[in-house]
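Please keep the structure in view while reading.

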Amino acid sequence: MAIAGGALKTNITTLGPLVLPIIEQLLFFATLVVKKLLNAKVKPYIPDFKLAFDHFCIHAGGRAVIDELEKNLQLLPMHVEASRMTLHRFGNTSSSSIWYELAYTEAKGRMRKGNRVWQIAFGSGFKCNRAVWQALRHVKASHKSPWEDCIHRYPVQTIVSAMVILIASFCIRMNLMGETWLHTICLF
């Protein structure tokens, strides 16, 4: 993961100036300057790539890969949904998973004119590649999509969230706990 992290860092460093809003670039640059000039142990600013992209297709090489990129790029669960569902349905299909993820986004009807997509994939060793796409029109689900027969069943619930929903619904029916507990579990 460390080697892939280095390749990703290099990839992001080249991509950032091309796609990020100027304010994000300035914040990143400012932390670098402070670090160099003051020899300070300043945590580097992580640019908000959600300002540059509407959709993310992250190499579904395993849960750890998706989790790590979600955490380090400060993405929301909705941003990695296509990656997680592709991993769930097809398993680790190597870097080709990014095309299944793009098809997932299209099958869900989420690709609108002007949306930008960041596809990022890892190869053997320390290879990391990316593609940036912009939709020229609203994209409808294809009849030849790998998701056409099952998109209605996705996203799937994780075991933890399914258990929380099951426990909450049981408690509501049995009126076992007060409203405060229900509010807390809904935030979970």
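At what angle do helix 4 and helix 5 pack? Helix 4 (residues 77-90) and helix 5 (residues 97-107) pack at about 115°, and their axes lie 9 Å apart. Axes are lines fitted to C-alpha atoms, for helices over the stretch in contact, and angles run from 0 to 180 degrees between N-to-C directions. Helices (H or I, at least four residues) and strands (E, at least two) are DSSP runs, numbered from the N terminus. The model is predicted: local features need pLDDT of at least 70, side-chain atom pairs count only at pLDDT 80 or more, and totals for chains, interfaces and linings use all residues. Residues are numbered from 1 along each chain as its sequence is written, and side-chain values use heavy atoms, with hydrogens and water left out.

Helix 4 and helix 5 are therefore roughly perpendicular to each other (65 to 115 degrees; under 35 is roughly parallel, over 145 roughly antiparallel and the rest oblique).

Helix 4 also packs against helix 3 (residues 63-72), at an angle of about 170° and with the axes 10 Å apart. Helix 3 and helix 4 are therefore roughly antiparallel to each other. In this contact (heavy atoms within 4.5 Å), Arg63, Ile66, Asp67 and Glu70 of helix 3 meet Pro77, Val80, Ser83, Arg84 and Leu87 of helix 4.

Strand 2 (residues 116-122) and strand 3 run antiparallel and are joined by seven bridges. Within strand 3, Gln134 stands opposite Arg116.

How values were computed: Pairing = 2+ DSSP bridges.
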